[in-house]
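I opened a new notebook page for this structure. The entries go from the whole chain down to one residue.

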Amino acid sequence: MTINELQDNIIEEFFVFDDWMDKYALLIDLGNLLEPLDEKYKTESNLIEGCQSRVWLHADYKDGKITFQGESDAVIVKGIVSLLIQVLSGHTPQEILDADLYFIDRIGLKEHLSPTRSNGLVSMVKQMRMYALAFKTKENS
């Protein structure tokens with residue numbers, strides 16, 4: 001599936017609910033479904049700067065595609081991590097760099113997060129793009 005198809009699926013999933021309490025519950029459920037991050041990846045270098053809670057993000061590069069793993073100590077943030085991984089994991093560095101992550105605005109996520117959580121979301125996306133850029137640079141050298 002393309003990044004846009006994955007985003008469209010998430011938008012559909014969230015549009016089922018009108019109430020933001022239900023959408024938060026969905027986020028928490030998604031976070032609970034996220035595979036726990038191996039302790040060896042819970043390092044200072046995998047910790048995302050700018051997040052209110054602690055968020056770890058790890059990336060592997062194999063066969064031209066990036067696989068992300070992540071975790072957070074906050075349930076809603078863990079759900080956000082899960083959404084980002086769902087959309088970006090398994091794609092090439094170029095696809096990730098070119099991606100317009102419109103689902104964040106369409107599901108109303110940004111406007112329903114506190115300013116610090118919103119900054120954290122931006123930091124997570126930025127870190128995922130940094131991994132993509134690093135892997136792309138490495139494959140071109």
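Below are my entries, in the order I looked things up.

Entry 1, ground rules. I am working with a predicted model, where local features need pLDDT of at least 70, side-chain atom pairs count only at pLDDT 80 or more, and totals for chains, interfaces and linings use all residues. I number residues from 1 along each chain as its sequence is written, and side-chain values use heavy atoms, with hydrogens and water left out.

Entry 2, the chain. I counted 6 helices and 2 strands in the protein chain, in the order α-α-β-β-α-α-α-α along the sequence. Helices (H or I, at least four residues) and strands (E, at least two) are DSSP runs, numbered from the N terminus. I noted that 48% of the 141 residues count as buried, which means under 20% relative accessible area with a 1.4 Å probe, protein chains only. The C-alpha trace spans about 50 × 30 × 25 Å along its principal axes.

I found Ser-72 in strand β2, residues 65-72. Is Ser-72 buried or exposed? Ser-72 counts as buried because its relative accessibility is 6%.

I set aside neighbours within four places in sequence and listed the contacts of Ser-72 as Ser-53, Arg-54, Val-55, Val-77 and Lys-78; contact means heavy atoms within 4.5 Å. The Ser-72 side chain reaches the backbone oxygen of Arg-54 at 3.1 Å. It also reaches the backbone nitrogen of Ala-74, at 3.1 Å. I also looked up Pro-36, 36 residues from Ser-72 along the chain, and the two C-alpha atoms are separated by 9.4 Å.

Terms used: Buried < 20%, exposed > 50% of the residue type's maximum accessible area, 1.4 Å probe, protein only. Polar contact = N/O pair within 3.5 Å; in protein donor to acceptor, adjacent residues only side chain to side chain.
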